[in-house]
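Me: Please walk me through this structure one piece at a time. I'd like the terms spelled out as we go.

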Amino acid sequence: MSSTTTLTGRARVTRTPCHLTRQERQIAELAAAGLTVEEIGALSGLPRRTVSTQLYRIFPKLGVTTRAAVRDALDGLDAHTHAHT
């Protein structure tokens, strides 16, 4: 996973793919378990559109392009997190 650098105004901001919000992490874990957008919404109490939007934001943060790759990315994040604690 590589970080991306974007230009905002005059400052450069580097975004590392491992920074997920609590809600994004929950949605990513449910998606990795194979749940549909509708099922994730029902379990999390979020509208379908919110779940879809969150998945759209999660993919680039994890550096993936498919739902199938989300599980591997989360496993990699967990391994990385435990290695630095």
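Reply: Happy to! Let's begin with burial: a residue is buried under 20% relative accessible area, exposed over 50% and partly exposed in between, using a 1.4 Å probe and protein chains only. The model is a predicted one, with local features needing pLDDT of at least 70 and side-chain atom pairs pLDDT 80 or more, while totals for chains, interfaces and linings use all residues. Residues are numbered from 1 along each chain as its sequence is written, and side-chain values use heavy atoms, leaving out hydrogens and water.

Me: In what order do the elements of the chain run from the N terminus on?

Reply: Helices (H or I, at least four residues) and strands (E, at least two) are DSSP runs, numbered from the N terminus. The chain has four helices and two strands. Reading from the N terminus, the order is β-β-α-α-α-α.

Me: Which residues of α2 are buried?

Reply: Helix α2 spans residues 37-44. Its A42 and L43 are exposed, on the other side of the helix. The buried residues of α2 are V37, I40, G41 and S44.

Me: How wide an arc do those residues cover around the axis of α2?

Reply: The arc is taken from the directions that run from the helix axis to the C-beta atoms. The buried residues V37, I40, G41 and S44 sit on the same side of α2 because their arc is only 100°.

Me: Which residue just after α2 takes a positive phi?

Reply: There are two cases to mention. After α1 comes G34, with a positive phi near 95°. Just after α2, a positive phi of about 75° belongs to G45.

Me: At what angle do the axes of α2 and α3 cross?

Reply: Axes are lines fitted to C-alpha atoms, for helices over the stretch in contact, and angles run from 0 to 180 degrees between N-to-C directions. Helix α3 covers residues 48-62, and its axis comes within 8 Å of the α2 axis. The crossing angle is roughly 110°.

Me: How is α2 oriented relative to α3?

Reply: Angles under 35 degrees are roughly parallel, over 145 roughly antiparallel, 65 to 115 roughly perpendicular and the rest oblique. The axes cross at roughly 110°, which means that α2 and α3 are roughly perpendicular.

Me: Which residues of α3 make the contact with α2?

Reply: On the α2 side, the contact is made by V37, E38, I40, G41 and S44. Of these, V37, I40, G41 and S44 are also buried. The α3 side consists of R48, V51, S52 and L55.

Me: Is S52 buried, partly exposed or exposed?

Reply: S52 is found in helix α3. Its C-alpha atom is 9.9 Å from that of T36, 16 residues away along the chain. With a relative accessible area of 27%, S52 is partly exposed.

Me: How far apart in space are E39 and V51, C-alpha to C-alpha?

Reply: E39 belongs to helix α2 and, at 40% relative accessibility, is partly exposed. E39 and V51 are 12 residues apart in sequence, and their C-alpha separation is 9.8 Å.

Me: How is α1 oriented relative to α3?

Reply: Helix α1 runs over residues 22-32, and its axis is 10 Å from that of α3. Their contact uses Q23, E24, I27, A28 and A31 of α1 with V51, Q54, L55, R57, I58 and K61 of α3. The packing angle is about 90°, so α1 and α3 are roughly perpendicular.

Me: And how is α1 oriented relative to α2?

Reply: The contact joins Q26, I27, L30 and A31 of α1 to I40, L43 and S44 of α2. Buried residues of α1 include I27, L30 and A31. The axes lie 10 Å apart at an angle of about 135°, so α1 and α2 are oblique.

Me: Which residues does F59 touch, not counting those up to four places away in sequence?

Reply: F59 lies in helix α3 and is buried, with a relative accessible area of 17%. Its C-alpha is 8.9 Å from that of A28, 31 residues away in sequence. The residues F59 touches are V64, T65, T66, R67 and V70.

Notes. Contact = heavy atoms within 4.5 Å.
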